[in-house]
Amino acid sequence: MIILGFDTSCDDTCVATVEADKRRLQRGFKRMKFEVLSNMISSQVKLHAKYGGVYPALAKREHIKNLPTVFKQATKKIKLSEIDLIGLTVGPGLEPCLWQGINFAKNLAQKLNLPIVPINHIEAHILANWLPPVSENSKFQIPGLSCFAKQSEQVKSKNIFPAICLVISGGHTQLILMKGIGKYKILGETRDDAAGECFDKAARILGVGYPGGPAIAKIAKGFVRGRASVNLPRPMIYQKNYDFSFSGLKTAVLYEVKSGKRKVKNEKYIQAMSAEIQQAIIDVLIHKTIKAAKNFNTKSIILGGGVAANDELRKQFMSNVKCQMSNVKFFVPPKNLCTDNAAMIAITAYFNQKKATKDWQKIKADANLKI
Ligand code: KG4
Ligand code: ZN
């Protein structure tokens, strides 16, 4: 079956097609049954960069403008009559943005008489781990669009539940106990800013660009602690709960910079600050996730969301899990499937087929949808 996925929850217009249950694949790779046929993303990063964050009214306008082109690119290699199912993000996210994807998908579904599965964006970030790696193929690139149109198979271990999932994105930081696909319990979440939001806000204070995560990661690369080092707090790290708080970290960055002890323009100082911000976020995330995995005696740790694309975080998570819990499996999607994409929406629709509906008018955006 072919599933068409849509995601317009934030500032990326994403459309993808995923083929599932393909006989050819089933025969060769018994446990792996997905193939990403297309994964189109139209990024608005450049437009929002001057605001240092996503400007919802602008994002909405861009979604309306981009959806027809991104959809066309994503379905270029298939016939529309081959599509069996539509997966559509209905929340959480920015409401005006969510509605653009919903309106577009509803129209299409009615025209083609297709069922829609309403998708929770957070569940999709987790289930991105079930996708095969998708590599970038520049041949298909058109201005403003990234296209990933190649696929390979990935055999997934079956014995992974219960699992602890850490979803770290621009809008969310949640620790979730997963007893199976569709069985989730939130153990803790951020009380204020999300981890990605903290990267973005700290980057704005330092004036190093947007989105902040990749910008800070790039500057921090290769930093060796020494004379230029700075010390920032690790908020809530030793508290006996699974909640997070990152706004204090951002404020500490602001005070540090405003204290004027060192010049913000000083390159060494910016690098030291970037490395310390990144490390403070990584320390808290790893500590709390491993604590949850130990307390719930889980068989695996699963990461998802844009911040999981951070190289240093991936490396340190892997080595900490290996050292502290060698019997626990560690999963993180390929970097291009950590950040927002619609392939993860399509695969989530596959696992939620029982929620498929042709009652299109009832599908609504829910900006605060919980997993
Ligand atoms: O999941 P995502 O693409 O969108 C949301 O659902 O929010 O996450 C976006 C967030 C941004 O805050 C961005 O700064 C962060 O993910 N991010 C990173 C990296 N790549 C993206 N943070 C740290 N390191 C990265 N390499
Ligand atoms: Zn996301």
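In which kind of crossing, left-handed or right-handed, does H9 pass H10? The crossing is right-handed. Before going on: this is a predicted model.

I'll stay with that helix pair for a moment. Two packed helices are described by an axis angle and an axis distance. For helix H9, residues 267-295, against helix H10, residues 311-324, the angle is about 35 degrees and the axes are 10 Å apart. On the H9 side, the contact is made by Gln278, Gln279, Ile282, Leu285, Ile286, Thr289, Ile290 and Lys294. H10 contributes Glu312, Leu313, Gln316, Phe317, Asn320, Val321 and Gln324. Sorted by class, that contact has 7 nonpolar, 6 polar and 2 charged residues.

Next, ligand 1. There are 19 residues around ligand 1, and the ones that come nearest are Gly170, Asp200, Gly306, Asn310 and Asp340. By class, the shell divides into 5 nonpolar, 12 polar and 2 charged residues.

Now some individual distances, each to an oxygen atom of the ligand. Gly170 places a polar backbone atom 2.8 Å from an oxygen atom of ligand 1. For His125, a polar side-chain atom lies 3.1 Å from an oxygen atom of the ligand. At Gly171, a backbone N or O atom is 3.5 Å from a ligand oxygen.

How much of the accessible area of ligand 1 does the protein cover? On its own, ligand 1 has 550 Å² of accessible area, and the protein covers 87% of that. As for secondary structure, the elements giving two or more residues to the shell are helix H5 (121-127), helix H6 (195-206) and helix H7 (212-220).

Last topic, the backbone. Which residues are joined by a cis peptide bond with omega of about -10 degrees? Those are Gly91 and Pro92. Pro92 sits in the loop between strand E4, residues 83-91, and helix H4, residues 95-112.

A cis peptide bond also joins Tyr210 and Pro211, with omega of about -5 degrees. Pro211 is in the loop between H6 and H7, and H6 and H7 are among the elements that give two or more residues to the ligand shell.

One more backbone entry is Asn113. Although Asn113 is not a glycine, its phi is positive, about 55 degrees. Asn113 is placed in the loop between H4 and strand E5, residues 116-120.

That covers the helix pair, the ligand and the backbone.

How values were computed
Residues are numbered from 1 along each chain as its sequence is written. Chains are lettered from A and ligands numbered from 1 in the order in which they are written. This is a predicted model: local features need pLDDT of at least 70, side-chain atom pairs count only at pLDDT 80 or more; totals for chains, interfaces and linings use all residues. Side-chain values use heavy atoms; hydrogens and water are left out. Axes are lines fitted to C-alpha atoms, for helices over the stretch in contact, and angles run from 0 to 180 degrees between N-to-C directions. Helices (H or I, at least four residues) and strands (E, at least two) are DSSP runs, numbered from the N terminus. A crossing is left-handed if the near helix is turned anticlockwise from the far one by less than a right angle, and right-handed if clockwise. Contact means heavy atoms within 4.5 Å. Ala, Val, Leu, Ile, Met, Phe, Trp, Tyr, Cys and Pro count as nonpolar, Asp, Glu, Lys and Arg as charged, and the others, Gly among them, as polar. A residue is near a molecule or strand if one of its heavy atoms lies within 4 Å of it. A polar contact is a pair of N or O atoms within 3.5 Å; within protein, one must be able to donate a hydrogen and the other to accept it, and residues adjacent in sequence count only if both atoms are side-chain atoms. Accessible areas come from the Shrake-Rupley method with a 1.4 Å probe; for residues, only the protein chains shown count as cover.
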